[in-house]
Amino acid sequence: MHEAQKLFDEMPERNVFTWNAMICAQVKTQNLNQAQALFDSAPEKDSVTYNSMLSGFVRTDGYETDALKLFLNMQSVSDGVKIDEFTLATMLNFTAKICVPCYGKQLQSFMVKTGNDSDGFVMSALIDMYSKCGCFGDACQVFNVGNGVGVDLVTKNAMVAACCREGELEMARDIFWSQPELNDTVSWNTLISGYAQNGYEEETIKLFGCMSMSRFRWNEHTFASVLSACSGMKNLKLGKEVHAWVLKDGVYSNPFVSSGIVDVYSKCGNMKNAESVYAAIGLENSFSITSMIVGYSFQGNMVEARRLFDSSFDKNFVMWTAMFSGYVKSQQCDAVFELLKEFNAKGETIPDALFLISGLGACSLQAAMGPGKQIHAYVLRSGIEMEKKLISAMVDMYSKCGNIMYARFLFERALVRDSILYNVMIAAYAHHGYQDEAIQLFDEMLEKGFRPDEVTFLALLSACRHSGLVEQGEKYFYSMAENYAITPESDHYACLIDLYGRSNQLEKAVEFMRKIPIECDAVLLGTFLNACKMNRNEELAREAEEELLRIGDYNRAGYVQLANVYAAEGKWVEMGKIRKKMRGKEVKKFAGCSWLYVENRVGIFTSGYRSHSQTEAIYSILDCLNLEMNDLVKWKLELQHSVGGFIN
């Protein structure tokens, strides 16, 4: 550019072609200010001059107003300047970019008036514009009109892409095969990409093979789509085969392809191969960093995920979302709150509800209603759409934080409800002891035409067991298979056993245990053991103990539970044996744990905990409270003694 500018400046005479060459060069290097200066200084301008400048404005973000002004100016100039097919295609791309379909309709009208509606290049841009602006019907109409006079390859490819974008894959396939002699590599890649992006992974792989059989060569676009399908299917074997083809065809350096390979290995849980490919690519590939962070987060390795996250200078929303979901999945709620605080400090707008749903999930895990309310307030203040998943997460948060009234308030005002939202609210009622409301809501769910699933019946059985509704619980349990073809899982069986135990119907629990078609695991045997404890049946408790020890899947809570059964019966020798087994297996009972959300942090406290940063202050307050309690107890005893012991 330096030599070109120097030669241009030294020219004694310049014509329109010389000026156009310099303007076009500056536009290609994205130096629009210099291009604009040359454009303004040019003594003579033609259509090429305007089109070069116009394309630069349209392709560059932030110059939308300049593009519109230049196009309007172009219409008012008459000498040597004509709006041609290049101008129209550029402006149609501009309309698609800013998503203003009324501009597109005006351009189409101009095309009809000036006879430019038969050019395949412009017609493909028109179809693309309507598709990207959400006017699929108009795109179909344009294509059908053109189809009457013959469709060229460019127009056909544009319509196939529009169908894939709309999810109309059958229509895309019919258009693709309507004139197979027109198809080229772009046609194949467009259809393969459409199937991959719409979640039809197996069809994507079939088209991939069919493309090769039709003697079309794969390229980086093909591999990127197929790798995406392999990730969706979590098919490691196929991913390795595609990886081999990538190496063979020499397209390994393409960032989309290389990151796609990393993504396949990450999604399939093979982080060793993912790390090897990532190391070969280098840190400059942000797509691969994103895939690695997603992979580590998915496996719960948040240390490595955080290391890569902190090393990335350009953190995209996929990275943020992966970190949020990974921390919630591994129940590192403090980290979720810190990450949310860090994101807010950047001053960026939250792009979608996934961030907020992760934050609400952390609030639910730790019953931290304070930050949950802050997220709710942010949603209202920012005008974020309360879509179904966000409402469900918010209802669940308020319920698990103990505020059933807020949960009910949000549920009742939800404009659109689905089975997930009904499940969350039924579970909320069940958890808080509102069994009548839970059953009533289930009936409403059926009336609205929603089909219950495993989660629905688990919530209903939970409501019944808390209220001792044996007949109602049996009705729901047996209706799962009879009316809805749902196979009960271990948790459903455990709920019914617990219901029998709480209702002092241990004989029913014993009979039910004999009929369970699945192999009894620690959950079922532990629940049955608890039922024996509630009904003080030592003999059955011992049988359950032996079975639990036999399957070798007994946790510390189970040992403690069994020891408590013997203690309740005064069987101290048997209880001592269980304690001895716990010591032999190095099984320890977890100390009770409590937490408080104070000053934007979650404080965790266990018995004898001395590592807190404010331990001295905490225990000082605790000593004061103990003194007050002792004084209160002493005063109560003295009062009872003075009035003859009638004070309870």
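Select glutamate 511 and lysine 515 to start. Glutamate 511 forms a salt bridge with lysine 515, with the closest N and O atoms 4.0 Å apart. Keep in mind that this is a predicted model. Now colour helix H31, residues 506-515. Both partners lie in this helix, four residues apart, about one turn. Glutamate 511 is partly exposed, at 36% relative accessible area. Lysine 515 counts as exposed, at 60%.

Next, select Asp61, Glu64 and Lys97. Salt bridges that share partners join these three residues into one network.

Move on to helix H24, residues 388-400. Show the side chains of aspartate 396 and lysine 400, which meet in a salt bridge at 3.3 Å, N to O. The two residues are four apart in the helix, about one turn. Check the surface at lysine 400: this residue is partly exposed, with a relative accessible area of 47%.

Now go to helix H16, residues 255-267. Select lysine 267 and aspartate 263. Their side chains form a salt bridge, 3.3 Å from N to O. Lysine 267 is partly exposed, at 28%.

Last, zoom out to the whole structure. How many salt bridges does a search find? The search finds 17.

Conventions
Residues are numbered from 1 along each chain as its sequence is written. This is a predicted model: local features need pLDDT of at least 70, side-chain atom pairs count only at pLDDT 80 or more; totals for chains, interfaces and linings use all residues. Side-chain values use heavy atoms; hydrogens and water are left out. Buried means under 20% relative accessible area, exposed over 50%, partly exposed in between (1.4 Å probe, protein chains only).
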